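Reader: I have a model open and want to learn how to read it. Take me through it feature by feature, please.

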Amino acid sequence: MWHHEFQMKSCARKNFMHGLVGEVKTMRTTGSCKSSLFRVFTLIELLVVIAIIAVLASMLLPALNKARNSAKTAACINNLRTLNQAQAFYTNDFNEWIVPGRIQGWGSEWFRMLSGNQTYCKGSVEYVKYDINKTTGPFVCPAAVTGFKDHAAPYYANTHFGINFRLSGSSGQSSALYNKIRKTSALTTPSKAMLLGDLIRTDQFRVDYSNYCAYRHGVEDPRPIIATGAATPTPTTNGRSNFLFMDGHVAGFTGREVLSPEIFSSSAGFDPNNGLSL
């Protein structure tokens, strides 16, 4: 009896294997196995995927640009704060005098005096690094369109920042206001006395006029950088210009805000009659 059962099981296995082989042959013939395992995307499905990627990219790119611009603004603010520290060291070493915009001719500008890179006043301390042929260090605004290189267009001739001549004074000026250097004792409200700001004129190192300022943070300044001559009118866009004040804080203002007398008036934060004529 057991022999009979063994034969029946053996026969069943043969029938099962025969049926399985038959199914495989059928699938090979009809291609049903291949179509189920290797499904191909249709053209419409590919277009849908591409459209989804394009929508996601359009949503992400503005956010990435905003983050990049914010990083540039933050770096600009940090550089202005570094220059504030250099100015404080200069003031401490030179009997409370605020660094002048310029004390004689070419070679004695404020950025050279803070870096020890100057023709006049030999022996001054290098408070900050300055290389006129390299766009690195605290004299740089990362949001500026071009770098700076000593009087080589279209680069900035000196630095991306300018100084307020009304406060710092400069030699060779016809106005008594501009022709005076001052000590910190001349400050009446340091938080309103602007010292440095973003510059758009490549041939200058001063920002005592609102249209000399570069409004390049948040929104790009619509004006081209200006090599020589008078700057174009102050823009009324939402772009901001960063300013360093004598109390050490940095703030950004639009062109509309800068046109107010709080920043560029002749007595903003200091006594205009308190100073030494050059």
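Reader: Where is the place of Asn95?

Author: Asn95 is in the loop between H3 and H4. Those labels come from DSSP runs: helices are H or I of at least four residues, strands are E of at least two, and both are numbered from the N terminus. This is a predicted model, where local features need pLDDT of at least 70, side-chain atom pairs count only at pLDDT 80 or more, and totals for chains, interfaces and linings use all residues. Residues are numbered from 1 along each chain as its sequence is written, and side-chain values use heavy atoms, with hydrogens and water left out.

Reader: What is the phi of Asn95?

Author: Its phi is positive, about 55°, although Asn95 is not a glycine. Asn95 follows H3. Glu96 is found in the loop between H3 and H4. Glu96 is also a residue other than glycine, with a positive phi near 70°.

Reader: Is Asn95 buried or exposed?

Author: Start with the scale. Buried means under 20% relative accessible area, exposed means over 50%, and partly exposed lies in between, with a 1.4 Å probe and protein chains only. Asn95 has 52% relative accessibility, so it counts as exposed. Glu96 has 35%, so it counts as partly exposed.

Reader: How do I check the length of helix H3?

Author: Compare its span with the expected one. The expected span is 1.5 Å times one less than the number of residues. H3 covers residues 43–93, which is 51 residues, so it should span 75 Å. Its end C-alpha atoms are 74 Å apart, which agrees.

Reader: Which residues of H3 are buried?

Author: Among them are Thr73, Cys76, Asn79, Leu80 and Leu83. Tyr90 and Thr91 are also on that list.

Reader: What covers the buried residues of H3?

Author: The cover includes helix H4 (110–115), strand S1 (161–163), S3, S4 and strand S5 (250–254).

Reader: How many disulfides does the count come to?

Author: In general, a disulfide is a covalent bond between the sulfur atoms of two cysteines. Here the test is a pair of cysteine sulfur atoms within 2.5 Å. By this rule the count comes to zero. Cys76 is in no disulfide, and the nearest cysteine sulfur, that of Cys141, is 3.5 Å away. Cys76 is buried, with a relative accessible area of 0%. Cys213 counts as buried too, at 0% relative accessibility.

Reader: Which residues does Phe161 contact?

Author: Contact means heavy atoms within 4.5 Å. Leaving aside neighbours within four places in sequence, Phe161 is in contact with residues including Cys76, Leu80, Leu83, Trp110, Cys141 and Gly197. Phe161 lies in strand S1. It is buried, with a relative accessible area of 0%. Now try a pair by distance: Phe161 and Arg201 are 40 residues apart in sequence, yet 9.6 Å apart in space, C-alpha to C-alpha.

Reader: How do S1 and S3 run, and how many bridges join them?

Author: Two strands pair if DSSP finds at least two bridges between them. S1 and S3 run antiparallel, joined by three bridges. Gly162 stands opposite Gly197 in S3. S3 also pairs with S4, in the antiparallel sense, over three bridges. Leu196 stands opposite Leu244 in S4.

Reader: Why is S3 described as largely enclosed?

Author: Five of the five residues of S3 are buried, so S3 is largely enclosed by the rest of the structure.

Reader: Where does His217 lie?

Author: His217 lies in the loop between strand S3 (194–198) and strand S4 (240–245). His217 is buried, with a relative accessible area of 4%.

Reader: Which side chain does the polar contact join to His217?

Author: First the rule. A polar contact is a pair of N or O atoms within 3.5 Å; within protein, one must be able to donate a hydrogen and the other to accept it, and residues adjacent in sequence count only if both atoms are side-chain atoms. The side chains of His217 and Thr73 are joined by a polar contact of 3.0 Å. Not counting residues up to four places away in sequence, His217 also touches Cys76, Cys141, Asp198 and Asn242, among others.

Reader: How many helices and strands does the protein chain have?

Author: The protein chain has seven helices and six strands. Buried residues make up 40% of its 278 residues.
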